[in-house]
Amino acid sequence: MRVLEDFPSRPSFWIKKRGLNVTEKRQYNGLDVVKFGLALLVAARHMIQLFYPIESKWRVVIASWLSNLAVPCFFIMAGFLLFRKIGDGRAKGEGKIISAYCARIFKMALIWSLIYLPIDLYNWWYGRDRVLEWILVYIRYFFLDHPIMHLWFLLALIVACGLVWCMYRAGAKPWLIVAAGGMLFIIGCVGDNWYFNQQLPESIWKIYSMYFKYFVTMRNGVFYGAFFVAVGLWFAKARARIPFPAAAAGFLVSALLMYGEVKRCQNVNMVFTSAPAAFFLIAAALEAPGGQQGGGLLYKRLREMSQWIYLTHVYFLYIFSWTVKWNPLPLTKKGITVSVFAPMLVCCGCLVALSERRAFKWLKNMI
């Protein structure tokens, strides 16, 4: 069985060949470090959006620019790690790997929805919806755009992996799946941002309006996740890698272009230039010095910390808002950041440490 495809020919000065065995166990230290940093950016993004003043420069630098790298990279990493376990898509048992992965993510979505249910009930109590209305809205948003601001990613990941797997199982080459996902991504970016959709012809805007009437958002597994999971598939199957210096340079250029886009177009969710920036960031992480060496406990803990930070951080935003009247720190940007991040990091570190003890191994099932 041929597991890996030949990479399209490219100039040798910026691409090097590397054969990877799909059954080979690796710990990707570079990905673990990047994932940890991006999880912190997601937490900072939501904190800034909720508590920083409108005129704060950090609303652009972090809340609109740097943090918009997180979700694309999370999709790419998930696709890469998942499809490294898959051969050509037709071998016996490969469908079970995909279904088991999606079932695990759905279980995680249910667990964290229950954990966040007190916050949903709190929001309902101070809202205006009747009980039945709230239940119906909750069910709808659970599947389309989760009521808790960050849990939408879990169900979007299931949809994205399912779409990419179906195309790959049907025999489509990784580059073709990336191209198909890229078309969906472009459609989603145009529909998600006012700067682009206000320039659309009325006939096309009516189609978008009809979509939004029923499906709420384009930030989902179809128009957002499928493309980046497909890029992860491409990384998993390609024989070639971009050397670290070239990948780092590509990331810096792409990140600057991304900053220009968010400044001009006021993108806060789906950003066109996040695609090349995320691509080069993952390429650099894979090829960073020591990026694929056996990293030991430190990198494993960073990986688990990033997952705990991503999944729990919204609770710490609410806890800060509930306890603000007793907070001894000044309500400056620094004071708010310390008030949110200090307890969050301590708590997540404790959860990682506890999960290493036999009595608390069950904690690992939550991330």
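**Helix packing and aromatic core**

The axes of helix 1 (residues 29-51) and helix 3 (residues 70-83) come within 10 Å of each other and cross at roughly 145°. Axes are lines fitted to C-alpha atoms, for helices over the stretch in contact, with angles from 0 to 180 degrees between N-to-C directions; helices are DSSP runs (H or I, at least four residues) numbered from the N terminus. The model is predicted: local features need pLDDT of at least 70 and side-chain atom pairs count only at pLDDT 80 or more, whereas totals for chains, interfaces and linings use all residues. Residues are numbered from 1 along each chain as its sequence is written, and side-chain values use heavy atoms, with hydrogens and water left out.

**Contact of helix 1 with helix 3**

- The crossing of helix 1 and helix 3 is left-handed, that is, the near helix is turned anticlockwise from the far one by less than a right angle.
- Helix 1 contributes L31, K35, L38, A39 and V42 to the contact, and helix 3 contributes A70, C73, F74, M77 and F80 (contact: heavy atoms within 4.5 Å).
- These contact residues comprise nine nonpolar, no polar and one charged (nonpolar: Ala, Val, Leu, Ile, Met, Phe, Trp, Tyr, Cys and Pro; charged: Asp, Glu, Lys and Arg; polar: the others, Gly among them).

**Aromatic pairs**

- The structure holds 40 aromatic pairs (ring centres of Phe, Tyr and Trp, the last by its six-membered ring, within 6.5 Å; planes under 30 degrees apart are stacked, over 60 edge-to-face, the rest tilted).
- W134 and Y138 form a tilted pair, at 5.6 Å centre to centre and 45° between the planes.
- Because W134 and Y138 are four residues apart in helix 6 (residues 131-144), about one helical turn separates them.
- W134 is buried at a relative accessible area of 17%, and Y138 is buried at 14% (buried: under 20% relative accessible area, 1.4 Å probe, protein chains only).
- One aromatic cluster is formed by F74, F75, W152, F153, F185, Y224, F227, F228 and Y310.

**Nonpolar core**

- The largest nonpolar core has 114 residues, and F83 and F235 have the most contacts inside it (core: buried Ala, Val, Leu, Ile, Met, Phe, Trp, Tyr and Cys residues joined through side-chain atoms within 4.5 Å).
- Helix 7 (residues 152-169) supplies the largest share of this core, 12 residues.

**Loop residue N220**

- N220 lies in the loop between helix 10 (202-215) and helix 11 (221-237) and counts as buried at 13% relative accessibility.
- N220 and L157 are 63 residues apart in sequence and 8.2 Å apart in space, C-alpha to C-alpha.

Definitions and conventions: Helix = DSSP H or I, 4+ residues; strand = E, 2+ residues; numbered from the N terminus. Buried < 20%, exposed > 50% of the residue type's maximum accessible area, 1.4 Å probe, protein only.
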